[in-house]
Amino acid sequence: MKSVLIIGMGRFGHHLCMNMLNLKNEVMIVDIDEKKMEDLVPDVTSAKIGDCTNEEVLKSFGVGNFDLCFVCIGTNFQSSLEITSLLKELGAKHVISKANRDVHAKFLLRNGADEVIYPDRDIAERMAVRYSANHVFDYIELTDEYSIYEIPPVERWIGKSIKDVGVRQKYHASIIATKEGDKTKLLPPAEHIFKKNEHLMIIGQKEDIDRILKQID
């Protein structure tokens, strides 16, 4: 369990808060607009109304006591930059700021952000990969080189084991989980037999996964 400060309760901040609460973290939320926090007030540890570009307001929160501080302001970059800088000056341990553009990310990183996230861009990329490629049920980019794909098994793999197919040796990819209905099995053994109706969670480089996908088409 971690202590989390979320500044800016727009759509992204709202969803972030709900997910942090579901994972049993202690969450404090802040926004200048009380209405944006009303439905979350019963569940969070604390909810504050205030302008976080004001140093005295931020100082009153004791930002150095939080494990994570999120700046989720997407419509006013100047405010996001000021709050990010102030958080670091006031001793925040780890500041994660939301950006909409690469140039914004550069300024945020130079002014105190430990990490910058692009939720809109990341979702757009994920959806583009998912819907432009046949047989990709889901997609998660890990680095510029490696991603996790959720795909069906190649038809000629069905009835054979992971070892028999030689997924790692032949395709330089690794199956990290299998899904059948609502059941997910992590790290299947080499003896796992591929089934027609299961999904595979497979990690690898794009060109290697593309070789597998071409065999499914």
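Predicted model: local features only at pLDDT ≥ 70, side-chain atom pairs only at ≥ 80, totals over all residues.

Biologist: Fine, so how many salt bridges does the structure hold?

Modeller: There are seven salt bridges, and one of them joins Glu 180 to Lys 195, with 3.4 Å between the closest N and O atoms. Glu 180 belongs to strand β9 (residues 174-180) and Lys 195 to the loop between β10 and β11, so this pair ties together parts that are 15 residues apart in sequence. Strands and helices here are DSSP runs numbered from the N terminus, with at least two residues (E) for a strand and at least four (H or I) for a helix.

Biologist: Which residue does Asp 114 form a salt bridge with?

Modeller: Its partner is Lys 88, with the closest N and O atoms 2.6 Å apart. That pair links distant parts of the chain, with Asp 114 in the loop between α4 (102-110) and β6 (115-117) and Lys 88 in helix α3, 26 residues apart. Asp 114 counts as partly exposed at 34% relative accessibility, and Lys 88 counts as partly exposed at 29%.

Biologist: What about Lys 93, which side chain does that one meet?

Modeller: Lys 93 meets Asp 67 in a salt bridge of 4.0 Å, N to O. Lys 93 is in the loop between α3 (77-89) and β5 (95-98), and Asp 67 is in the loop between α2 (55-59) and β4 (68-71), so to speak distant parts of the chain, 26 residues apart.

Biologist: Changing topic, which residues touch the most other members in the largest nonpolar core?

Modeller: Of its 19 residues, those are Ile 151, Trp 157, Val 167, Phe 194 and Ile 202. At least two residues each come from β8 (146-151), α6 (162-165), α7 (167-171), β11 and α8 (206-216), and α8 gives the most, with four. By nonpolar core I mean a set of buried Ala, Val, Leu, Ile, Met, Phe, Trp, Tyr and Cys residues joined through side-chain atoms within 4.5 Å. A second, separate core has 17 residues, including Leu 5, Phe 66, Val 71 and Ala 92.

Biologist: And what does Phe 194 touch?

Modeller: Leaving out residues up to four places away in sequence, Phe 194 touches a list that includes Pro 153, Trp 157, Ser 161, Val 167, Ile 175 and Leu 200, where contact means heavy atoms within 4.5 Å. Ser 161, which sits in the loop between β8 and α6, is buried at 7% relative accessible area and, with the same exclusion of neighbours within four places, is in contact with residues that include Glu 191, His 192 and Phe 194.

Biologist: Where does His 192 lie?

Modeller: His 192 lies in the loop between β10 (183-186) and β11 (199-205), and it counts as buried at 13% relative accessibility.

Biologist: How many aromatic pairs are there?

Modeller: The count is three, taking rings of Phe, Tyr and Trp (its six-membered ring) as paired if their centres lie within 6.5 Å, with planes under 30 degrees apart called stacked, over 60 edge-to-face and the rest tilted. Tyr 139 and Tyr 149 have ring centres 5.1 Å apart and planes at 70°, so they are edge-to-face. Tyr 139 is in strand β7 (residues 138-141) and Tyr 149 in strand β8, so the pair ties together parts 10 residues apart in sequence. Tyr 139 is buried at 7% relative accessible area, as is Tyr 149 at 4%.

Biologist: And what are the ring distance and angle for Trp 157 and Phe 194?

Modeller: Their centres are 5.2 Å apart and their planes at 40°, so the pair is tilted. Both Trp 157 and Phe 194 are buried, and together with Tyr 171 they form one aromatic cluster.

Note on methods
Residues numbered from 1 in each chain as written. Heavy atoms only, no water. Buried < 20%, exposed > 50% of the residue type's maximum accessible area, 1.4 Å probe, protein only.
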